Amino acid sequence: MAWLIRPLRRTLFSASLRTPLLHQHPNSTSFSNSRNYISDMRKSAFQDNILRLLRKEIQYEHDHCPPKQPTTRFNSFTVDDRSGEQWIRLKRKFGEKEDITIDVTMFDGSVTVPDSGQVQSDEQLHITFIVNISKGDDSGVLEIVCSAWPNTIEIQKFYVRGCNRTANHPYIGPEFKELDEQLQDSLYEFLEERSINDELAIFLHEYMKNKDKTEFIRWLQTVKSHIEKK
């Protein structure tokens, strides 16, 4: 019987090579659908994970020191929060002619300051603000560039620019610290009279801490909404 079984095995083996193994290899359409399904599952899982982390971060920010409603006034200034932007604007009138506008960045730098014991260092955040004083005529605008540290202001530069800014590279004078000290003191007094002083620096730092948290939460919510959109 062996001489009959061996040719039969060869015949069956040859036939099996010519016949598709349906149970082992699905057709191309089913295989493609399976791959797409797996890809969609991975994409969905990836998005779900991002959304979970975003919701967790938003909840954490609300639970731990949530932002306050921003104030709309400081002394004689009105405050425009510029929601969704990286700066704010303060405005007021001074006397009968002067219109004062102050454009303020969010925190834009820092310096490391050692403490009194020289053992540890403290980081002081920096804010830039630009004061524009106009008298409503063609005499131009007095522009003063300042720094706001946590409890003091520092003048960096001041100059008069034309109302229409026609000059591409106007001369804007020397650095403020190069000026005569009495002139420097006089300009600080000039700003003090208009409530642009160390008290303003303290206000701006408190305001920007709150705005930084508010804008961060808004950013998280915007990203979450974008990912959720179908």
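Modeller: A salt bridge is taken here as a side-chain nitrogen of Lys or Arg within 4 Å of a carboxyl oxygen of Asp or Glu. The model is predicted, and for that reason local features need pLDDT of at least 70 and side-chain atom pairs count only at pLDDT 80 or more, while totals for chains, interfaces and linings use all residues. Residues are numbered from 1 along each chain as its sequence is written, and side-chain values use heavy atoms, with hydrogens and water left out.

Colleague: With which residue does E175 form a salt bridge?

Modeller: The closest N and O atoms of E175 and its partner K157 are 3.2 Å apart. The pair links distant parts of the chain, 18 residues apart, with E175 in the loop between strand 8 (152-161) and helix 3 (181-193), and the partner in strand 8 itself; helices (H or I, at least four residues) and strands (E, at least two) are DSSP runs, numbered from the N terminus.

Colleague: Is K157 buried or exposed?

Modeller: The classes are buried (under 20% relative accessible area), exposed (over 50%) and partly exposed (in between), computed with a 1.4 Å probe on protein chains only. E175 has a relative accessible area of 40% and so is partly exposed. For K157 the relative accessible area is 13%, so this residue is buried.

Colleague: Which residues are linked with D81 in a network of salt bridges?

Modeller: D81 forms a salt bridge with K211, whose closest N and O atoms are 3.6 Å apart. That pair links distant parts of the chain, 130 residues apart, since D81 lies in the loop between strand 2 and strand 3 (87-94) and K211 in helix 4. Both partners are buried, D81 at 18% relative accessible area and K211 at 2%. The residues linked with D81 in the network are K211, E215 and R218.

Colleague: Which residue caps the N-terminal end of helix 4?

Modeller: A polar contact is a pair of N or O atoms within 3.5 Å; within protein, one must be able to donate a hydrogen and the other to accept it, and residues adjacent in sequence count only if both atoms are side-chain atoms. At this end of helix 4, a side-chain oxygen lies 3.2 Å from the backbone nitrogen of E199, and the capping residue that carries this oxygen is N197.

Colleague: Which backbone oxygen does the side chain of H205 reach?

Modeller: H205 lies in helix 4 and, at 5% relative accessibility, counts as buried. Leaving aside neighbours within four places in sequence, H205 is in contact (heavy atoms within 4.5 Å) with F107, L125, H126, I127, A148, W149 and P150. The backbone oxygen reached by the H205 side chain, at 2.9 Å, is that of A148.

Colleague: What is the phi of C65?

Modeller: Most residues other than glycine have a negative phi. C65, in the loop between helix 2 (28-63) and strand 1 (73-74), counts as exposed because its relative accessibility is 60%. Its phi is positive although C65 is not a glycine, with a value near 55°.
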